[in-house]
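This report walks through one protein model. It starts with the overall fold, then turns to one helix and to the salt bridges.

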Amino acid sequence: MKKKLNVGLIGYGFMGRTHSNAYCKVNHFFDLPYEPVLQVVCGLEENEAKAFAEQWGYQSYTTDWHKVIEDDNVDIVDICVPNNVHAEIAIAAAKAGKAICCEKPLALNGAQAETMVKAVEDAGVPNLVSFNYRRVPAVTLAKQLIDKGRLGRIFHYRANFLQDWTISTKVPQGGMATWRLDVKAAGSGVTGDLLAHCIDTAMWHNGAITSVCAMTETFVKERMHVETGKVEPVGIDDACTFLCRFDNGSLGNFESTRYARGHKALYTFEINGEKASIAWDLHDLHRLSYFDYSDDSIVRGWRSVHVTDSDMPYMDKWWVPGLQIGYEHTFVHQVADFLENLAKDKPTSPNFRDALATQYVCDAVLTSAKNKKWETVKKS
Ligand code: SOE
């Protein structure tokens with residue numbers, strides 16, 4: 001018999017759906033000691049919380065997140081609310097001894113993230129931050145190739161995350177659907193929302209980022225605020241580009257924007273090493289491009305590895321070789337790893353401390369853009 005672990009989900013938006021879907025599917029594909037049970041969902045609007053509970057099979061619903069924390073039946077608190085509420089909920093959940101899964105970015109800034117790290121470490125509770133792209137099989141394969149030394153010394157790491165959904169000046173800020181444009185709720189714009197993904201993956205692949213030099217821009221300076229009904233100044237960065245240095249001596253080049261007409265979620269990275277290079281593209285996420293200089297020169301060239309074989313990360317759990325998986329599966333992998341490690345009493349990466357390091361890079365990027373000079377990244 002698998003031990004049941006009751007999940008209390010706080011936030012029923014887009015991320016609430018990705019996490020719920022993962023809890024529903026994980027035991028069908030992964031052989032785990034635990035079985036997640038959808039215990040309670042919490043959200044601001046009662047009708048919507050009720051409808052979400054019915055649609056996904058949650059046993060109950062509430063509009064008060066404190067009730068989720070106080071519920072002795074809840075084992076895992078899953079935080080899928082806007083960034084400005086993460087800290088309060090996570091700290092209360094840690095004090096109540098719950099395991100925690102928190103959406104990214106961990107907090108509004110490094111100082112707030114520090115209080116969250118302290119809370120989970122003092123309480124000794126398992127904790128995970130949902131930087132899901134690490135768990136795309138091709139991205140995990142890239143990590144394995146780097147760790148095996150297949151790239152040799154790394155010279156360059158470049159990553160982009162391009163979108164185009166805020167170009168219209170009519171898109172408002174604030175509220176349930178567009179809180180990511182409200183600096184009070186989000187903390188920052190593309191830096192915390194998109195570049196944080198790239199930074200997390202980059203530091204996992206290539207080690208710590210030590211210094212940054214950034215520029216940001218806010219193209220649309222005022223937007224209607226959903227909550228006040230007034231046109232208000234926009235406080236987030238619409239676009240951000242930064243250069244950086246990694247601790248291992250390599251150079252980084254990162255760009256993110258919500259103003260790249262034609263791109264919906266184009267997350268790409270390329271890593272150039274002494275012996276080989278790797279490239280990956282979220283729009284073609286099951287492929288890893290690989291160039292190996294040790295290949296015979298007459299056939300040397302970029303190969304496109306279809307990451308679907310059963311000896312590739314996570315793929316033995318899915319279909320047969322040649323058949324792909326996609327975005328939703330990264331969240332299933334995340335839950336599978338979390339539950340497996342819970343049973344072994346092992347931490348799961350990226351935990352709150354790992355996410356604090358990402359937060360420090362984001363802070364340094366925003367400070368550098370403001371001060372127009374290189375910034376040293378705080379060590380976590
Ligand atoms: C923003 O549009 C967003 O949904 C991010 O918040 C997610 O983290 C990213 O994975 C996709 O884009």
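## Overall fold

The protein has eleven helices and 17 strands. Both are DSSP runs numbered from the N terminus: helices are H or I with at least four residues, strands are E with at least two. This is a predicted model: local features need pLDDT of at least 70, side-chain atom pairs count only at pLDDT 80 or more, and totals for chains, interfaces and linings use all residues. Residues are numbered from 1 along each chain as its sequence is written, and side-chain values use heavy atoms, with hydrogens and water left out.

The radius of gyration is 21 Å, which agrees with the value near 21 Å for a compact globule of 380 residues. It is taken over C-alpha atoms, and the globule rule is 2.2 Å times the number of residues to the power 0.38. The C-alpha trace spans about 65 × 55 × 40 Å along its principal axes.

## Burial and contacts

Of the 380 residues, 55% are buried. Buried means under 20% relative accessible area, exposed over 50%, and partly exposed in between (1.4 Å probe, protein chains only). Among contacts with a separation of 6 or more, 69% join residues 24 or more positions apart; a contact means heavy atoms within 4.5 Å.

## Helix 6

Helix 6 covers residues 137-147, and nine of its eleven residues are buried, so it is largely enclosed by the rest of the structure. The buried set includes P137, V139, L141, K143 and I146. These buried residues pack against several elements, among them strand 7 (154-162), helix 9 (190-206) and helix 10 (327-344). G149 follows helix 6 and has a positive phi, near 85 degrees.

## Salt bridges

The whole structure holds 21 salt bridges. Each is a side-chain nitrogen of Lys or Arg within 4 Å of a carboxyl oxygen of Asp or Glu. K2 and D31 pair at 3.5 Å, N to O. K2 sits in the segment before strand 1 (3-10), and D31 in the loop between helix 1 (14-29) and strand 2 (34-42), 29 residues apart. K2 is partly exposed at 30%, while D31 is exposed at 71%.

K118 bridges to D122, with the closest N and O atoms 2.6 Å apart. The two are four residues apart in helix 5 (residues 110-123), about one helical turn.

D164 and K264 meet at 3.2 Å, N to O. Their loops lie 100 residues apart in sequence, so the pair ties those parts together. D164 is buried at 7%; K264 is exposed at 55%. K104, R180, D193 and R258 are linked in a network of salt bridges.
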